[in-house]
Amino acid sequence: MDNARAFFNLEGKGTQVRTLVGAGEEQSGILPELSRKNRMIAFGGCLIAGLAVSLVGSILFVFGQVASFAVLYVIGICISLVGTGFLVGFGTQFKKMMDPVRIAATAVFLGSIVMVFVSAFALGIDALVIVFAVITYLAYLWYILSYVPFARDFVKSIANKFTG
């Protein structure tokens, strides 16, 4: 079964679940008993929960609580990142974060998380907190797209149409 079919066959059962990365790789390790459907539900749940926590942080930012925003935003984005662990496996995800195709997104993601805190707590510059929060989110999106076949190429082609 190829990666696209493995991804979209959510009703698949068994203790070994094919991942979204690399043909022939098998899901193992933590939570191997989850079906593909349950993995997708866990991923979606983490994505929604992470978004909700980040949204609460954003509301607090509007009311001038920059430090609370920084903490909740980073917690939210990390909850969302845990969701991708359900798709590919947590150990595999950590290894794949260091792959050449993802290392730049990983470095920007982790660096911008640090800079959200530095901007909020050490520098106290609200505008920088927002800038680094947006960079964190974009790096996370780029990271996620690396797991979907041809998604980055699609985004690049759309960007090229708008930039000429």
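**Salt bridges**

I started with the charged side chains and found K96, D99 and R102 linked in a network of salt bridges. The model I am working from is predicted.

I looked up the two contacts in turn. The side chain of K96 meets that of D99 in a salt bridge, at 3.6 Å from N to O. The side chain of D99 also meets that of R102, here at 3.4 Å from N to O. I then searched the whole structure, and the search gave 2 salt bridges.

Are K96 and R102 buried or exposed? I checked the relative accessible area of K96, which is 16%, so K96 counts as buried, the cut-off for buried being under 20%. R102 has a relative accessibility of 5% and is therefore buried. D99 comes out at 22%, so I noted D99 as partly exposed.

**Overall make-up**

I counted the secondary structure next. The protein has 7 helices and 2 strands. Reading from the N terminus, I wrote the order down as α-β-β-α-α-α-α-α-α. I also looked up the burial of the chain: of the 164 residues in the protein, 35% are buried.

**Largest pocket**

I then turned to open space in the model. The largest pocket holds about 330 Å³. Which residues lie nearest the centre of the largest pocket? I listed L51, Y73, I77, Y137 and Y140, out of a lining of 19 residues.

I asked where the lining comes from. Helix 2 (36-62), helix 3 (66-88) and helix 6 each supply at least two of the lining residues. I sorted the lining of the largest pocket by class and got 14 nonpolar residues and 5 polar ones. No charged residue turned up in that lining.

**Nonpolar surface patch**

My last entry concerns the surface. I130, V134, Y137, L138 and L141 make a nonpolar surface patch of about 420 Å². I looked up the place of L138 in the chain and found L138 in helix 6, which spans residues 126-145.

Terms used. Residues are numbered from 1 along each chain as its sequence is written. This is a predicted model: local features need pLDDT of at least 70, side-chain atom pairs count only at pLDDT 80 or more; totals for chains, interfaces and linings use all residues. Side-chain values use heavy atoms; hydrogens and water are left out. Patches are made of residues with over 30% relative accessible area and no salt bridge: like charges are joined within 9 Å, nonpolar side chains (Val, Leu, Ile, Met, Phe, Trp, Tyr) within 5 Å. Accessible areas come from the Shrake-Rupley method with a 1.4 Å probe; for residues, only the protein chains shown count as cover. A salt bridge is a side-chain nitrogen of Lys or Arg within 4 Å of a carboxyl oxygen of Asp or Glu. Helices (H or I, at least four residues) and strands (E, at least two) are DSSP runs, numbered from the N terminus. On a 1 Å grid over the protein atoms alone, a cavity is a set of points where a 1.4 Å probe fits but cannot get out, and a pocket is an open set with protein on both sides within 12 Å along at least five of seven lines; lining residues have an atom within 4 Å of a point. Grid points are joined across faces, edges and corners, and a volume is the space filled by probe spheres set on the points. Ala, Val, Leu, Ile, Met, Phe, Trp, Tyr, Cys and Pro count as nonpolar, Asp, Glu, Lys and Arg as charged, and the others, Gly among them, as polar. Buried means under 20% relative accessible area, exposed over 50%, partly exposed in between (1.4 Å probe, protein chains only).
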